[in-house]
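Q: Could you walk me through this one while I have it open? I'd like to go over helix packing, sheets and confidence.

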Amino acid sequence: MRLLIVEDHPILANGLITALKGADYAVDHAATGEQADHMLATQHYDAVILDIGLPKLDGYEVLRRMRRKGSKTPVLMLTARDALEDRVKGLDLGADDYLTKPYDLPELEARVRALIRRGQSGGGADLIHGDLTLDTAGRRATIKDTPLDLSARELGVLEVLMLRAGRVVSKEQLAEQLYGWGEEVGANAIEVYVHRLRKKLEPAGINVRTIRGLGYLLEKAAHE
Amino acid sequence: MSRLRTLRSRLLLWVSGPMLGLWLISTMVDHEVAKGFVNLTYDRALLDTALDLGRNVRESSDRLYLDLPQPVIEMLISGEQGRFFYRAIGPGGEYISGDPDLPDLPPDALDDRVTYYDAVYRGGSIRAVALRVPVRPGSGKGAILIHVAERGTLRTDFARQIMLRMMIPQAILVLLATLAVWFGVGIGLRALTSIRTEIENRSHVDLSPIAEAGAPVEVRPLVRAMNDLLSRLSAALAAQQRFIADAAHQLRTPIAALKTQTELAARQVGDSEAKATMQQLHTAADHATRLVNQLLTMARAEPGSHRSVMRQPVDLAALAREVTGEWVPRALTLDIDLGFADASAPVEINADPFLIREMLSNLVDNALNYTPPGGHVTVRVHRAGDHPTLEVEDNGRGIPEEERGKVFERFYRIPGSSPEGCGLGLAIVREIAQGHRATASVQTGAGGRGTRIIVKFPASPR
């Protein structure tokens, strides 16, 4: 896996290079927009970490040129600005993800992993959460290759929870998702599905937490 | 000068002062006019008396005498005591009748048939008429000179009475005009009320110009001057905000470098004492991150920020639910039960959603920092009467009564609290609340434990 880091701050760039090399990526570094533009034109990368605040040719411009040339390489934008407008601009230009400085290194590493996975699978049919795998195309879930016996609705609930693992999913969001699949469900029904799902996931040590007044949350797997 | 502090008393002085002067002058003029008419009338009566006397001059063989009928005598003598006097003198200067020592005509008087003159007699002023009556017309025997005089006090009393009667209605007029000024000023100044209301109702972060259109023409220069000041103020504040925001942005990259390097170092050194040191460095970098983020938020919430006018209808309940949800993962790592309780119906406020989100984040962050593992934090949105209200309650150690006034101050930290916070969180909450004309207050949590922070928005229709 080959990554390009575009960052003008030498110490930060050095830290990122060291960290990602440690994770067995081949890492190239560009300190300016022009350099990055040149390297992207001549080399192939699996993902790009792109700082917005670069001298002269800024990150937005590098990204714009990349996408104009038809490059589909996933891009994670780094910025010292967090205003909503900046974020929207980056995503509109075709960035795949967005991280505000200063970030936690593990978070950046996880985002890079996710970016590369997305780039490879072209949408990603399998959702993985610890030992739990959900094949969204085949509509089946397995724990350590042992199939789980889930109804279509339970599977639907599980998919939403896995897509937003570690984050809160409201009952409304779950109901909306099931409604989207042609099912009409109330809040009480959602509670029943979650209750059943929880029982089936418990043996594998996967916990669906109830968050007071907010909904549910699939707790982060220990090793993701 | 202190009496002239109000516009009303100034106007009153400048209107009623000259009016009082005019009233005095007009009174004096009235007096003169009255005196003129009174003289005219009384002189006429005096002459009539003299003519009456003249008609009664009789001639005997050797002398002239006055044959006065009883009514005339009574009028002259027994009338009002000492009011009238008369004297008749023959053509040769011989005394005929009356008061012999009555003052004579002034020396410069013309030799007219009728002459009026003023004189002093028996210690008082008198008005007199001298009438020449021929003894026998055409006889060439000369003329008798008849003087009739009356006390001057009669006339002055009468003129004074006329003057007094004219003074009273004029005084009432002055009084009424003064009252009219008093109330008129009040009514006139009501035109300023709309400007006052506009200024009173604006939030302290709103430095936009005051509308000039509703102001009276006289007040517009004042409004313009105020608007000029507002615009200079807002430019100065904006420059300051920009500086803080830029500084915060600039700090982010070096802090990111610091965090990345300490994280890496902690991995490289393995389980040694150095690892603990690295982790402390990392924690310090995290604190710097928080501080930078809060400074940025502060800069955005303060007056002069371009965000201060970005108001729109916001469903407080939905926004609070969303923000609380975002904090759940952090609460779980701290082993704190973070929950939400809402009024099921939307609670709409007119607000800047970005700032309300920041306010909520700071409230929840603050509550999580002051709640021990195993504790509860609850975000609540409801209506207290007509007031949309946001509450964040925890069952942590609470804030002592005497500290509550200070917790909203910048960089204030409760003595003995953990070094997690930098003392800006609640200052940001207050700043944003004030910007939305809301109030932030601290109470003790349910069951006498922990803290409940309440943000009460201005009343709005349901």
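Q: How do H5 and H6 of chain B pack, in terms of angle and axis distance?
A: In this predicted model, helix H5 (residues 220-268) of chain B packs with helix H6 (residues 273-301) of chain B at an angle of about 160 degrees, and their axes are 9 Å apart. Because angles over 145 degrees count as roughly antiparallel, H5(B) is roughly antiparallel to H6(B).

Q: Left-handed or right-handed crossing there? And what classes of residue make the contact of H5(B) with H6(B)?
A: H5(B) passes H6(B) in a left-handed crossing, and the contact of H5(B) with H6(B) has 16 nonpolar, 5 polar and 4 charged residues.

Q: Over to chain A: at what angle do H2 and H3 of chain A pack?
A: Helix H2 (residues 33-42) of chain A and helix H3 (residues 59-68) of chain A pack at about 20 degrees, with their axes 9 Å apart. That angle makes H2(A) roughly parallel to H3(A), and the crossing of H2(A) and H3(A) is right-handed.

Q: Which residues of H2(A) and H3(A) meet?
A: From H2(A), Gly33(A), Ala36(A), Asp37(A) and Leu40(A) meet Glu61(A), Val62(A), Arg65(A) and Met66(A) in H3(A). By class, the residues of this contact divide into 4 nonpolar, 1 polar and 3 charged.

Q: Sheets next. What is the strand order in the open sheet of 5 strands in chain B?
A: The order is S4-S3-S7-S6-S5 (chain B), and the pairing is antiparallel. Strand S4 (95-98) and strand S5 (114-121) of chain B stand at the edges with a single partner strand each, so one side of each is left without a neighbour in the sheet. With direction ignored, neighbouring strands of this sheet are turned by 20 degrees against each other on average.

Q: How many bridges join S6 to S7 of chain B?
A: Strand S6 (residues 124-134) of chain B and strand S7 (residues 143-151) of chain B run antiparallel and are joined by 9 bridges. As for individual residues, Arg132(B) stands opposite Leu145(B) in S7(B).

Q: And which strands of chain B does H1 lie across?
A: Helix H1 (residues 7-55) of chain B lies across strand S3 (84-89), S5, S6 and S7 of chain B, and its direction is at about 45 degrees to S6(B). Helix H3 (residues 152-189) of chain B lies across S6 and S7 of chain B, running at about 115 degrees to S6(B).

Q: What about the open sheet of 3 strands in chain A, what order does it have?
A: Its order is S10-S12-S11 (chain A), with antiparallel pairing. Strand S11 of chain A is joined by 4 bridges to strand S12 (residues 215-218) of chain A, and Ile211(A) stands opposite Gly215(A) in S12(A). Helix H6 (residues 152-163) of chain A packs on this sheet, where it touches S10, S11 and S12 of chain A, and its direction makes about 70 degrees with that of S12(A).

Q: How many residues of chain A are in contact with chain B?
A: On the chain A side there are 22 residues, in contact with 23 residues of chain B. Helix H1 (residues 10-22) of chain A gives the most to that side, with 6 residues, and the side of chain A that touches chain B has 13 nonpolar, 5 polar and 4 charged residues.

Conventions: Residues numbered from 1 in each chain as written. Chains lettered and ligands numbered in written order. Predicted model: local features only at pLDDT ≥ 70, side-chain atom pairs only at ≥ 80, totals over all residues. Contact = placed C-beta atoms within 7 Å. Helix = DSSP H or I, 4+ residues; strand = E, 2+ residues; numbered from the N terminus. Nonpolar A, V, L, I, M, F, W, Y, C, P; charged D, E, K, R; others polar. Axes fitted to C-alpha atoms, helices over the stretch in contact; angles between N-to-C directions. Parallel < 35°, antiparallel > 145°, perpendicular 65-115°, else oblique. Left-handed = near helix turned anticlockwise from the far one by under 90°. Pairing = 2+ DSSP bridges.
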